[in-house]
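Q: Please take a close look at a single part here. Then set that part in its wider context.

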Amino acid sequence: MIDRRIIEALAAIVGDRHVRTAAGERLTYASDGLPTHRRVPGVVVIPGTRDELVTIVRLLATHGIPFVPRGAGTGLSGGALADTDAVLIVLTRLNRILEIDPRSRRAVVEPGVVNTRLSVAARPHGLHYAPDPSSQTACTIGGNVAENAGGPHCLKYGVTSTHVLALEVLMANGELVNLGSPGGEAWGPDLVGLFVGSEGNFGIATRITVRLSPLPRAVRTLLADFPSLRGAGEAVSAVIASGVVPAAMEMMDRSCVAAVEDSVYAAGYPRDAAAVLLVELDGMCEPAVAAEAADVELLLRNHTARSVRTAASPAERERLWLGRKKAFGAMGRLSRDLVVQDAVVPRTSLPDVLEAIAEIAGRYELRVSNVFHAGDGNLHPNISFDATTPGLRERVELASSEIMQACVAAGGTITGEHGIGVDKLRYMPWIFDGNALAAMRAVRRVFDPAERVNPGKVVPVHACREWSGWAA
Amino acid sequence: MERVGGVSILERVRALLGTEAVDLTAERDGVPRVAPPTIDAVALLLGTAHAEGWRIRLEGAGTWMPGDGPADLALTTRRLDQIVTIQPQDLMTTVEAGLGFDLLRNQLADRGTWLGIDAPGAQGRTIGSILATATAGPLRHGFGAVREHVLGLTVVTGDGRIIESGGRVVKNVAGYDLTKLQVGGFGAFGVIVLAHLRLRALPRSDLTAVVEGSRDELARVAGDVMAAGLEPAALELVSPALARRERWTLAIRLAGSAALVAEGEVGLRAATEGRAAELRAEEAAAFWRHAAEGLTARAVTLRLGGVPSATEELLDLIQHQLGDEWVMATPSLGVMRWAGDATAERLRKFRKALAAIEVPLTLERAAWPLRSVVGHFGAYREGVGPLVSGLRKTFDPGERLVVAVSEEDHAG
């Protein structure tokens, strides 16, 4: 537990209202979006300004107390959980958009700004913030930076790291440093690139400068359905190989479609299809987008699509997308618990890996629904289950692990956008050897020698080879 | 040649890697050049160098950075020149770092694929050189900085460890992104020996058009092209010497599907009021090649990155402080590259003026006497210096790799 004097000092910084000490209050923060991990923080503090945050981190540095930064808590890898010996610093009150510079297409925000809010604020200038994780109406830009978040439209526009130009970072010792430059050019080695996706282990991003992208002037959204997952996977490869770069290419299997269609987000997806594919093309020039859409439609039909339908209105387009974006929520209704998985495979391996996942699900007698960013080969196999059933949680764990093994065996990786957190620590040695893991740990110690920020995440310390370097 | 315990370094290296790994004919300043044939051989060499205290300078094909750092040995990656795989369906390739970019481009084109990088310098520059210096060219406008094309790397650290980062797939957030540290690290954090790169489908259509005029006027035309919603692959402002034309030139490259390029052409005519002159395919190739090669015609090459709206202000500053004979700029991104001759004092003064307006200057290429005092990165902002030096000591604990990282810190 956290010493009472520390709690009093925290309250003196932010006010009693913004410190949570009661067991029930702290329990609210015991999980993130992944319900399979629970840890109760020692105390929760919610600063309202950067100065308060700096004072808190300096206080914790003086006393050598570990801390965990947290945004909206929508993460899916247990990355923002704190143990009872640690302070959870919730950043949602640091939610100001500090600057929008339409001429240079950039914005400066505090970490607690909700992803969608930035796009809404940029819209009058004909701009938007391109990375669009499914949780974008709730998740924060700070959390996106920590996780290097993706989203459907990252196929064309790139993930978070592509869009972060500069960072002001509060390090574990309470020092503020500026990384990168206002225009995005690295200032020395690319420490912005290194920081993005470090899951909070290198410090807290207190000011984030991001690139804004022009809103596309033309959009076409196509819905295709397929009699087999294999056919759908091959259609995806064919579109990518044709040279057209869709803004997004999202696939849902029959189980996922059923969940969506049974929910309030019903989008009119055909229930009898083995897979539906949502393809979006966008650009600045209407005739070019129309021509590309026609090419894509032909390719899909030539690759076993039973039907291809184009959204006729913005409302229809929105409905098609809502079904996709709320697919996780819809699946959550299927059963008491849901494990959302995340892995990436080479695009051409999609059909084989999907068959392997179906086989694993059958063997463990589990319901697995697949919804994924097909254009990137980024899979989200989701397992619906009831954790109160004796032995079921163990089965889910074993099946998850086998699914991950299948993805790694296909030349893929264990996470494309959700991060390692605590959930995937055990898989890290499957893709990185002891040298690579030791290098990661040594780099972390350059930023945080005592390993106090978000301890116990990302790098499985036991698997690190001895490091002879300076920061060993 | 220095002798250690009665055995010369050269004899040790021959014993370690075999006689053929040492290229004696290449000695220029008396520093023997070693070309390890495998990644393991690089690791063996650097591990030994670390233990023995040998200083190592790094080279690719020797066409970009002058190979003149004070060292006991020069390590060249030129024998690591294999294409390990090209996967056209998955749009990725794995290549060894010593491979020449021109060779890779031809192999990729044969398989209908393309790498969206057009680095400055000679056509035969190695992949490792381009990645280590993060020298993107005009295509950065359409396809992003060098780091956007790199999926994963294998690096050998200054003490001989082989470290893999990233992976082979296009989306990957497993662990810290050590790849980003290496791309543009100038070898200060190890030697890049292998890279997994992201490919694109070869553009079905590829067209370059140019507009000539005064620099300021063309900057406005570039703004019009952007505002018209064209999506060019490159939009580059090129000085007369680099364009080999009488006046400044705005070069617009459209690349992609036939529909995209055809519509782009229409839009371009409107946005430039018919002034854009389309180049024939071979003229376009020659235009971009000459510009890229021209940037190494002088002793120094450097790049600046400001905000896009300050492009003209930055070009003015270059003109006043260094002269703007050899300049290329990407107005949409605020990045620009300068080549010329300048003293260390002048460059430091220029860098200081830029720092005041929050614009970093990266010294991309210069002879050792200059780069050792100016540094690739110069002075850092408060708090960043200790991080860079900590990272340097992490990946090269003995500081064996001779890299002029910053003003304060030049190993050797």
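Is Val405(B) buried or exposed, and how many other C-beta atoms lie within 10 Å?

A: This is a predicted model, in which local features need pLDDT of at least 70, side-chain atom pairs count only at pLDDT 80 or more, and totals for chains, interfaces and linings use all residues. Residues are numbered from 1 along each chain as its sequence is written, while chains are lettered from A and ligands numbered from 1 in the order in which they are written.

Val405(B) is buried, because 27 other C-beta atoms lie within 10 Å. Burial is counted on C-beta atoms placed from the backbone: 20 or more others within 10 Å means buried, 12 or fewer means exposed, and anything in between means partly exposed. Val405(B) sits in the segment after α14 (384-395) of chain B. Helices (H or I, at least four residues) and strands (E, at least two) are DSSP runs, numbered from the N terminus. Ala379(B) is 26 residues from Val405(B) in sequence. In space, the two C-alpha atoms are 9.6 Å apart.

In all, 65 residues of chain B are in contact with 79 residues of chain A. Contact here means C-beta atoms, placed from the backbone, within 7 Å. On the chain B side, β11 (162-166), α6 (178-182), α9 (258-271) and α14 each supply at least two residues. The largest share, eight residues, comes from α14(B). By class, this side of chain B has 30 nonpolar, 19 polar and 16 charged residues. Ala, Val, Leu, Ile, Met, Phe, Trp, Tyr, Cys and Pro count as nonpolar, Asp, Glu, Lys and Arg as charged, and the others, Gly among them, as polar.

Other parts of chain B are buried too. Strand β21 (residues 361-365) of chain B has five of its five residues buried, so the strand is largely enclosed by the rest of the structure. Strand β18 (residues 300-305) of chain B pairs with β21(B) in the antiparallel sense, over four bridges. Two strands count as paired if DSSP finds at least two bridges between them. Thr301(B) has Arg365(B) as its bridge partner in β21(B).

Two loop residues also deserve a look. Leu91(B) is found in the loop between β7 (83-87) and β8 (92-96) of chain B. Its phi is positive, about 50°, although Leu91(B) is not a glycine. Leu91(B) is buried, with 23 other C-beta atoms within 10 Å. Ala134(B) is found in the loop between α4 (127-133) and α5 (140-143) of chain B. The phi of Ala134(B), a residue other than glycine, is positive and near 50°. Ala134(B) is buried, with 24 other C-beta atoms within 10 Å.

Next, the nonpolar core. The term means a set of buried Ala, Val, Leu, Ile, Met, Phe, Trp, Tyr and Cys residues joined through C-beta atoms within 7 Å. The largest such core has 298 residues, and Val45(A), Val276(A), Leu277(A), Ile56(B) and Ala195(B) touch the most other members. Helix α17 (residues 434-447) of chain A gives the most to this core, with nine residues. Leaving aside neighbours within four places in sequence, Ala195(B) is in contact with Val95(B), Ala97(B), Ile127(B), Leu131(B), Val150(B) and Leu153(B).

Val45(A), in β2(A), stands opposite Val19(A). Strand β1(A) pairs with strand β2 (residues 43-45) of chain A in the antiparallel sense over two bridges. The open sheet has four strands in the order β1-β2-β4-β3 (chain A), with mixed pairing. β1 (19-20) and β3 (67-70) of chain A stand at the edges with a single partner strand each, so one side of each is left without a neighbour in the sheet.

Finally, chain A as a whole. Its secondary structure comes to 17 helices and 20 strands. Buried residues make up 59% of its 472 residues. An automatic or database assignment sets the domain bounds. Chain A is divided into domain 1 (4-90), domain 2 (97-214), domain 3 (218-328), domain 4 (335-409) and domain 5 (432-463). The C-alpha centres of domains 2 and 5 of chain A lie 24 Å apart. Seven residues of domain 2 are in contact with nine residues of domain 5 in chain A. The domain 2 side of that contact divides into three nonpolar, three polar and one charged.

Key: Two residues are in contact if their C-beta atoms, placed from the backbone, lie within 7 Å.
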